[in-house]
Protein chains: 2
Amino acid sequence: MTTDLTLAPGSTIGILGGGQLGRMLSLAASRLGFDCHIYDPSWAGPAARVSAGQTNSAYDNVDAIRAFAKHCDVVTYEFENVPAQSAKMAASAAPLHPGVRALDVAQDRLKEKTFIRDIAKVPVANFEPVNSVHELRRAVKHLGLPCVLKTRRFGYDGKGQYILRSEDDIAPAWAAMKDAPAILEQFVPFRREVSVIAARGVTGETAAYPLVENVHKNHILHTSTVPASGDGGAAQGLAIQIMSALEYVGVMATEFFEMEDGSLIVNEIAPRVHNSGHWTQDAGCVDQFELHIRAIAGWPLGDVVPSHAMLMTNLIGDEAESWRTLADSPKTFIHLYGKKESREGRKMGHVNQIIGPYPA
Amino acid sequence: MTTDLTLAPGSTIGILGGGQLGRMLSLAASRLGFDCHIYDPSWAGPAARVSAGQTNSAYDNVDAIRAFAKHCDVVTYEFENVPAQSAKMAASAAPLHPGVRALDVAQDRLKEKTFIRDIAKVPVANFEPVNSVHELRRAVKHLGLPCVLKTRRFGYDGKGQYILRSEDDIAPAWAAMKDAPAILEQFVPFRREVSVIAARGVTGETAAYPLVENVHKNHILHTSTVPASGDGGAAQGLAIQIMSALEYVGVMATEFFEMEDGSLIVNEIAPRVHNSGHWTQDAGCVDQFELHIRAIAGWPLGDVVPSHAMLMTNLIGDEAESWRTLADSPKTFIHLYGKKESREGRKMGHVNQIIGPYPA
């Protein structure tokens, strides 16, 4: 192979999905001289309004996807629920990074957990597939209480989840799944949630940011703090192990539960840039958005060692109004997504704050 | 006055000019949740390709300018040669920042020098207006040799300038002006060139970055280093003096010659973001593009104290090809402008490097 895998500035990067992640990917790509083309069912969403072009059609319109991808030098996505047929169509017309396999695994909790445990050989909580209330009853017996029932697909920010604390919860838990295929997971008594944002390039090189500690509020990420206390090496190693097993290209987020004894269990992976990596934008290193663009464009991954310890706080719904005070705070960086309408629970922006030097 | 001068995120910022400065202003505005609309005679230039809207028409088409400005919540510009009538038209349809007066002064070296010396009371080199070879001969007698003849308008990057070292240079110098109104300036034996990037807000508050030391190559800015050695307070004070005299709103660049004895003489001002402020993008503070947007949107100016000492190097013409090596360097940030065609002397991008802590 003597092919130059490096995309030159001026090339067009296609992004499936037009929300804030696509917007920040586009802004980062623009810094490097790339043009971005956004595929989004809605017209002029957050990403399209900062990009050179947009295609407005449904995610399952494979003809529109093909026409879009033909026009791009590389295609990526900002969300993991791109329909499989559409992903395959895109991949047939342009390089698709991360690839179809990463999407396939990340779209289905059962496949994801099975892959991580059996192929990548990385610890996850015990789990069983559940397709009926009968299977649920049996799985609860096997795994013990408490445990968590989750839809296999389309869950995010705590949606599609039900915690079972007694056998009385079995019937309502199953009803909450609305007959969707589900997975029962052992409830893990973790002491904190941490994540690793890392990237793998087209020739297999990897780069990982320091360990992130995440705090959720109402099942939505509230803050990310970097560096998390303790040594992040083990978590970084596990994240890279999963990326390598997937022959992954791009940025991937791996969310972990950290047990009382310090051991790590993977909660889930996201085959994309991730909310818990937003702090990188103002940390004095290549940020996760540029890192993803570099990885999928075949560039060197660059320097991911932060210059600062950081605190990222999400601005949910009306919290975005706090820009007025935040704008006057030292070492504080505001990021707003240009969403026209604020709704309860909607991610409107985030704020990054320098909280110290890195390394300490 | 109880009017809230603060523009909310979601508002539309109009930018006259569609090159790299407009592009980086637009990217900064997007981070704060603003939409940008670009006015550019060319279709899909560097700025328009990262912005929500564009108007393509000539800069002297006052009807197009009015229609454009009516659609914007505030209008600004990336270059100082906006025709006076167009600026006035824009200002009649939307707030224009910086205002018509700043443009008027900055467009004409004679007005600029006179304003700075007589109104702002800030030192400049001795100068005289020159409208004929006869007046040039007389001015050379008054100011002495060497001296520099410059067109009053439209000069940049050393274009429209002629250094006179002997009386034999008078005839060719005047010929080089092609009958354009000119200004003769005493040649100043400076030891280095420094600049101040500063901003003034709608309510008169000011903010200034540390002093920048600039090195030119072939009359084009080559590097900016921050902080420049020595105390920048005097230069910052003079820059703010000029901004206050102009009742200026937005970011302004003031270029100085620093004499052997440390005293300062203003070379010129630019009523806009400036190449010698590009280092701010990766310095761990609000950058000059966001600072300008904050100022014209009535936001708090924010924190302009860098976290790092920085070196900015312009990538001119083919130098932009060095992105391949630069992308693999530590603490190095690449910015490319998305220009389709590289030409000799054309600014294609720049690179910012962290060279130490700030303060030292």
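In what order do the four strands of this open sheet of chain A stand, and is their pairing parallel or antiparallel?

Guide: This is a predicted model, in which local features need pLDDT of at least 70 and side-chain atom pairs count only at pLDDT 80 or more, whereas totals for chains, interfaces and linings use all residues. Residues are numbered from 1 along each chain as its sequence is written, and chains are lettered from A and ligands numbered from 1 in the order in which they are written.

The order in chain A is β3-β2-β1-β4, and the pairing is parallel. At the edges stand β3 (53-55) and β4 (74-77) of chain A; each has a single partner strand, so one side of each is left without a neighbour in the sheet. From one strand to the next the twist averages 25 degrees, with axes fitted as lines to C-alpha atoms (for helices over the stretch in contact) and angles running from 0 to 180 degrees between N-to-C directions. Strands (E, at least two residues) and helices (H or I, at least four) are DSSP runs numbered from the N terminus, and two strands pair if DSSP finds at least two bridges between them. Within the sheet, β1 (residues 12-16) and β2 (residues 35-39) of chain A run parallel and are joined by five bridges. Gly14(A) stands opposite His37(A) in β2(A).

Chain B has an open sheet of four strands in the order β3-β2-β1-β4, also with parallel pairing. Its edge strands are β3 (53-55) and β4 (74-77) of chain B, each of which pairs on one side only. The twist there averages 25 degrees from one strand to the next. Four bridges link β1 (residues 12-16) of chain B to β4(B) in the parallel sense, and Ile15(B) faces Thr76(B) in β4(B).

Ser229(A) lies in the loop between β12 (220-226) and α8 (233-245) of chain A. This serine is exposed, with 10 other C-beta atoms within 10 Å; a residue is exposed with 12 or fewer such atoms, buried with 20 or more and partly exposed in between, the C-beta atoms being placed from the backbone.

The contact between the chains takes 34 residues from chain A and 34 from chain B, two residues being in contact if their C-beta atoms, placed from the backbone, lie within 7 Å. On the side of chain A that touches chain B, α1 (20-31), β16 (332-336) and β17 (347-357) of chain A are the elements that give two or more residues. β16(A) gives the most, with four residues. That side divides into 15 nonpolar, eleven polar and eight charged residues; Ala, Val, Leu, Ile, Met, Phe, Trp, Tyr, Cys and Pro count as nonpolar, Asp, Glu, Lys and Arg as charged, and the others, Gly among them, as polar.

Chain B also contains antiparallel pairing: β11 (residues 212-217) of chain B pairs with β9 (residues 190-200) of chain B over three bridges. β11(B) is joined to β12 (residues 220-226) of chain B by five bridges, again antiparallel. In their hairpin, which has two residues between the strands, Asn218(B) takes a positive phi near 50 degrees.
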